[in-house]
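Here are my notes on this entry, point by point. Please read them with the model open.

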Amino acid sequence: MTVFELRVSLLGAEPVVWRRILVPEDADLPLIHIVLQMAMGWENCHLHEFVSADRKRYGVVDEVEPQSGMLDEAQYLLTDLVSEPGDRCLYIYDFGDDWVHEIVLEAVSEAEFESEAEQFRCLAGEGACPPENCGGVPGYLELLEKFNDLDAVGHDEAVDLLGEEFDPEAFDCSVFDERIAALYARFQSGSATDEADEEVDEEMALIYDLLEFLESDVAPESTMSIFTLDGFFAALAIHPVAVMPSTWLPMVWDMSGSGHQPNFSSATQAEKGMGLLFMYMNSVLSQLTGESADYAPLFEIFEIDSPDEMTRAATEWSIGFMFGAMIDEEVWERTFADEEGRKMMLPFMFMSGINDKEIDIDDTRKKEIREGLIDELYACVLDLQEFWEPWRTENLAKNAPGGTKRSRQRVGRNDPCPCGSGKKFKQCCGK
């Protein structure tokens, strides 16, 4: 079969970042996109596009709000952009940071392979992948300066972001080869057609769509990260008091209480974004109200390579969980006043750093405890759920017919709908 040898270079990066990869001639552009993400080390969290030598643009076309001049990449092959040695095109990832990659077709050859996975190979490369959302090439160069200068303002923050062991010149081809082999092994085993795996695929697609929305220009900078949101929703799912969207939704956009809101440009965009948010909350809710033994925090599902990144993700998740657990003042005070309840909250307090002044342990010991807690947080969620269950039953009984109901303020027809949709009550639930 015919294979292409491509050199992919991240333009402007210093130290240089490039990969030489082998791909089949007949690969379509969506597959090449996935291969480039894996080879470079990106997380596939943002939009992308291919740009041919004659300036044609290929990407994912939004049927609702299509971009002018964008061709649907699903309808094109790699050969539509490069076909002869020396041909080149661009691959742009993240339209905010604008990571521009130059793809050069270096050689075309014939080869035989024992498996489909062997058609994809990393042959050589240099340079570590920059972190996502660091400000593009200029931001990455500035980040490396602070990382390498112990006296620089922002050095500690750079170390936190990159990790203490980060080496900007390091790259290992075997990581790409292992990921490609695992990807094809999954499809060849037939598991992709299995009902359970289809559900997993749909769930991951939802997560990536939501991640893209949360990191888009539509959402304010104060919006929760995907890990914080997952922890927040987990706490709401097991909370003994039902919390209305009108209460929790503002916290998604801004946990400081400053009132920042998303900047939707159209009703269609708002419907799509809010739909992703509510779909994901329902997904977390179903995990924790169904087979709870299968529950896993999002940071355990994502492929996170370094221990530092895992700690950051678990910390973000725990911060979200604490905000959800503390959302009802009465429940929080009752929980913290109860000796067992306070014990249940300690792991989340340790991990998030919220209220950890209540814990009389030095910072070094706290760090050690945090690292040991990461693998136990899912069990801590289930323990707290069990602790809160009698309270939930109690609250349900109060609100059942004949029970003692809480008074509820009447919503006027021109008031904002309490469901959090942003519409007037008469245009939403009051129809």
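1. Which residues of α11 meet which residues of α12? From α11, the contact uses Trp332, Thr335, Phe336 and Ala337. From α12, Glu339, Gly341, Arg342, Met345 and Met349 take part. By class, this contact holds five nonpolar, two polar and two charged residues.

2. The geometry of that helix pair is worth a look. Helix α11 spans residues 329–337, and helix α12 spans residues 339–352. Their axes come within 5 Å and cross at roughly 105°. Angles of 65 to 115 degrees count as roughly perpendicular, so α11 is roughly perpendicular to α12.

3. Now the overall picture. This is a predicted model, and everything here should be read as such. The protein has 431 residues, of which 44% are buried. It contains 14 helices and eight strands. Take the contacts between residues at least 6 apart in sequence: 64% of them join residues at least 24 apart.

4. The sheet is open and has eight strands. Their order is β5-β4-β3-β6-β7-β1-β2-β8, with mixed pairing. At the edges stand β5 (70–72) and β8 (121–126). Each has a single partner strand, so one side of each is left without a neighbour in the sheet. From one strand to the next, the twist averages 30°.

5. Strands β3 (residues 48–51) and β4 (residues 57–59) run antiparallel and are joined by three bridges. In this pair, Val51 of β3 stands opposite Arg57 in β4.

6. What packs on the sheet? Helix α1 (residues 29–40) does. It touches β1 (2–10), β2 (18–24), β3, β4, β6 (88–93) and β7 (99–110). The direction of α1 makes about 145° with that of β2.

7. Next, the backbone exceptions in the loops. Most residues other than glycine have a negative phi, and most peptide bonds are trans. The bond from Glu14 to Pro15 is cis, with omega near 0°. Pro15 is found in the loop between β1 and β2.

8. Arg55 has phi near 70° and lies in the loop between β3 and β4. Is Arg55 buried or exposed? Its relative accessible area is 73%. The cut-off for exposed is over 50%, so Arg55 is exposed. Asp98 has phi near 55° and is found in the loop between β6 and β7. Asp98 counts as partly exposed, at 41% relative accessibility.

9. Helix α3 (residues 155–162) has a buried side. Its buried residues include His155, Ala158, Val159 and Leu162. Why do they fall on the same side of α3? They cover an arc of only 100° around the axis, which puts them there together. Helix α2 (136–148) is part of what covers these buried residues.

10. The face of α3 turned away from the buried side carries Asp156 and Glu157, both exposed. Just after α3 comes Gly163, with a positive phi of about 95°.

Methods: Residues are numbered from 1 along each chain as its sequence is written. This is a predicted model: local features need pLDDT of at least 70, side-chain atom pairs count only at pLDDT 80 or more; totals for chains, interfaces and linings use all residues. Side-chain values use heavy atoms; hydrogens and water are left out. Two strands pair if DSSP finds at least two bridges between them. Helices (H or I, at least four residues) and strands (E, at least two) are DSSP runs, numbered from the N terminus. Axes are lines fitted to C-alpha atoms, for helices over the stretch in contact, and angles run from 0 to 180 degrees between N-to-C directions. Contact means heavy atoms within 4.5 Å. Buried means under 20% relative accessible area, exposed over 50%, partly exposed in between (1.4 Å probe, protein chains only). Angles under 35 degrees count as roughly parallel, over 145 as roughly antiparallel, 65 to 115 as roughly perpendicular and the rest as oblique. Ala, Val, Leu, Ile, Met, Phe, Trp, Tyr, Cys and Pro count as nonpolar, Asp, Glu, Lys and Arg as charged, and the others, Gly among them, as polar. The arc is that of the directions from the helix axis to the C-beta atoms.
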